[in-house]
Amino acid sequence: MADRLNQVSQIVSSSTTAASDTVPPFRVCVIGSGNWGTTIAKVVSENTTLRPQLFHEQVKMWVFEEKINGENLTHIINTKHQNVKYLPNITLPDNLVADPDLIDTVHDADIIIFNIPHQFLPRLITQMKGHIKPRARAISCLKGFHIDKVKGVCLMSSYVTDNLHIACGALSGANLAPEVAKEKWSETTVAYRIPSDFQGEGKDVDHAVLKALFHRPYFHVNVVEDVAGVSVAGALKNVVALGCGFVKGLGWGDNASSAIQRVGLGEIIKFGKLYFPDSEVETYYGESAGVADLITTCAGGRNVRVASYMAKTGKSAEESEKELLNGQSAQGIITCKEVHEWLEHDGKIDEFPLFEAVYQIVYGGKNMRDLPKMIEDLEGIDQE
Ligand SMILES: NC(=O)c1ccc[n+]([C@@H]2O[C@H](COP(=O)([O-])OP(=O)(O)OC[C@H]3O[C@@H](n4cnc5c(N)ncnc54)[C@H](O)[C@@H]3O)[C@@H](O)[C@H]2O)c1
Ligand SMILES: O=P(O)(O)OC[C@H](O)CO
């Protein structure tokens with residue numbers, strides 16, 4: 001692995017760079033500083049230090065500024081090298097610089113990594129318009145969809161491309177941020193399609209550059225082209241995790257959780273193939289972004305914890321998220337609504353009974369104890 005990454009650096013350093021606004025060493029920035037945003041910023045900052053021919057060492061991380069005990073979070077991050085609110089007790093590299101100014105963060109970046117709760121993306125994209133390098137490249141770590149009345153269900157990466165006119169891939173995998181931040185081994189999938197205005201090997205972002213940026217000894221990266229498969233799996237597993245959280249909170253055990261995951265995996269693939277026919281079934285089974293992320297999320301993610309808390313306390317999803325997560329977001333709460341709105345619009349609700357059941361429990365006052373009835377065909381069976 002080290003050899004392959006060194007080869008990339010050598011190709012880059014020996015190439016004659018064309019007169020272009022985006023050439024190595026690439027400047028990298030991260031938009032977002034939550035639990036995962038800060039973790040990924042740590043990962044890439046470690047690699048930019050290691051590979052000066054390929055990347056500028058400094059990585060800027062845009063922070064939605066807030067006060068912690070009267071002090072700006074950016075100031076705390078830049079002086080104590082810790083994100084005390086969203087990733088406490090993890091030391092961040094010195095070359096990672098927190099910046100509260102979005103435009104200052106992105107204006108000179110060659111690689112923009114989006115990593116915020118997905119509901120905030122449209123507002124940030126609006127602010128960024130006209131302030132980025134025309135040939136910047138992007139990676140979205142967001143999990144969720146954008147529902148467009150005309151275009152239908154959109155990937156977050158497509159939203160970035162459509163609005164900023166830059167190529168955008170996706171990173172997703174079985175990656176609970178607290179484990180990655182503590183450098184416990186995990187895998188991830190990076191998906192990126194080389195754009196038509198690609199400047200050539202050594203002069204532009206390609207799969208090797210992305211591997212050099214994200215791969216760490218504790219964070220193993222597989223780079224693929226299937227942006228849709230990676231993104232669909234990442235978004236929808238959060239809805240399935242809510243279902244798992246309900247049965248977990250009701251004390252129904254591991255068998256029930258596995259049943260939800262089985263149905264969930266089927267609906268994820270069906271949704272992916274229906275709305276993103278280019279997505280590959282192999283991605284859902286064979287990549288970390290697929291079934292592995294489903295399993296890890298349903299075991300210990302925030303969505304499962306929030307739903308379990310709902311089951312135990314009878315509180316709403318929003319209340320539970322607020323009480324449990326200290327400002328973090330359980331993305332399944334919003335994603336199940338997006339999925340419901342789209343499936344209703346498209347007349348396909350009946351084909352996705354688990355997604356609809358989760359929506360109805362969260363927003364429609366349906367009883368979570370009825371989940372088995374809602375997802376199985378029990379016609380002709382007497383219900384006790
Ligand atoms: N945390 C994980 O384990 C994990 C792992 C993989 C992927 N993801 C995905 O990564 C994305 C980012 O998640 P996260 O864990 O970094 O975020 P998070 O859930 O920790 O959310 C908190 C962040 O949201 C920001 N925020 C709050 N209000 C805002 C506003 N109005 N505008 C902009 N930002 C605002 C906060 O400043 C903070 O940075 C999500 O889509 C998530 O599903 C998370
Ligand atoms: O904590 P969650 O539920 O947002 O899930 C985290 C990641 O997506 C797991 O890979």
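Begin by selecting helix 9 and helix 13, whose crossing is right-handed (left-handed if the near helix is turned anticlockwise from the far one by less than a right angle, right-handed if clockwise). Helices here are DSSP runs of H or I of at least four residues, strands are runs of E of at least two, and both are numbered from the N terminus. The model is predicted: local features need pLDDT of at least 70, side-chain atom pairs count only at pLDDT 80 or more, and totals for chains, interfaces and linings use all residues. Residues are numbered from 1 along each chain as its sequence is written, while chains are lettered from A and ligands numbered from 1 in the order in which they are written.

Two packed helices are described by the angle between their axes and the distance between the axes. For helix 9 and helix 13 the axes come within 7 Å and cross at roughly 35°. Axes are lines fitted to C-alpha atoms, for helices over the stretch in contact, with angles running from 0 to 180 degrees between N-to-C directions. Select next the contact residues (C-beta atoms, placed from the backbone, within 7 Å): helix 9 contributes, among others, N238, A241 and L242, and helix 13 contributes residues including N303, V304 and R305. The contact divides into 10 nonpolar, five polar and three charged residues. Ala, Val, Leu, Ile, Met, Phe, Trp, Tyr, Cys and Pro count as nonpolar, Asp, Glu, Lys and Arg as charged, and the others, Gly among them, as polar.

**The two domains**

Colour domain 1 (2-225) and domain 2 (234-375) separately; these bounds come from an automatic or database domain assignment. The C-alpha centres of the two domains lie 27 Å apart. At their interface, 22 residues of domain 1 are in contact with 23 residues of domain 2. On the domain 1 side, strand 8 (145-148), strand 9 (152-155), strand 11 (186-191) and strand 12 (219-224) each supply at least two residues, and strand 11 gives the most, with three.

**The ligands**

Select ligand 1 and the 24 residues around it, of which G34, N35, W36, F64 and A177 come nearest (a residue is near if its C-beta atom, placed from the backbone, lies within 6 Å). Helix 2 (residues 35-50) provides the largest share of this shell, three residues. The shell of ligand 1 comprises 10 nonpolar, 13 polar and one charged residue. Because both domains give residues to this shell, ligand 1 lies between them.

Turn next to ligand 2, surrounded by 13 residues, the closest being N175, T297, G301, R302 and N303. Its shell takes at least two residues from each of helix 9, helix 12 (288-300) and helix 13 (302-313). Ligand 2 also lies between the domains, since both give residues to its shell.

Select helix 16 (residues 353-363), in which eight of the 11 residues are buried. A residue is buried if 20 or more other C-beta atoms lie within 10 Å of its own, exposed if 12 or fewer, and partly exposed in between, with C-beta atoms placed from the backbone. The cover over the buried residues includes helix 9 (227-249) and helix 10 (253-275). After helix 16 comes G365, with a positive phi near 70°.

Finish at N69, in the loop between strand 3 (67-68) and strand 4 (71-72). N69 has a positive phi of about 50°, although it is not a glycine. N69 is exposed, with 6 other C-beta atoms within 10 Å.

Definitions and conventions:
Contact = placed C-beta atoms within 7 Å.
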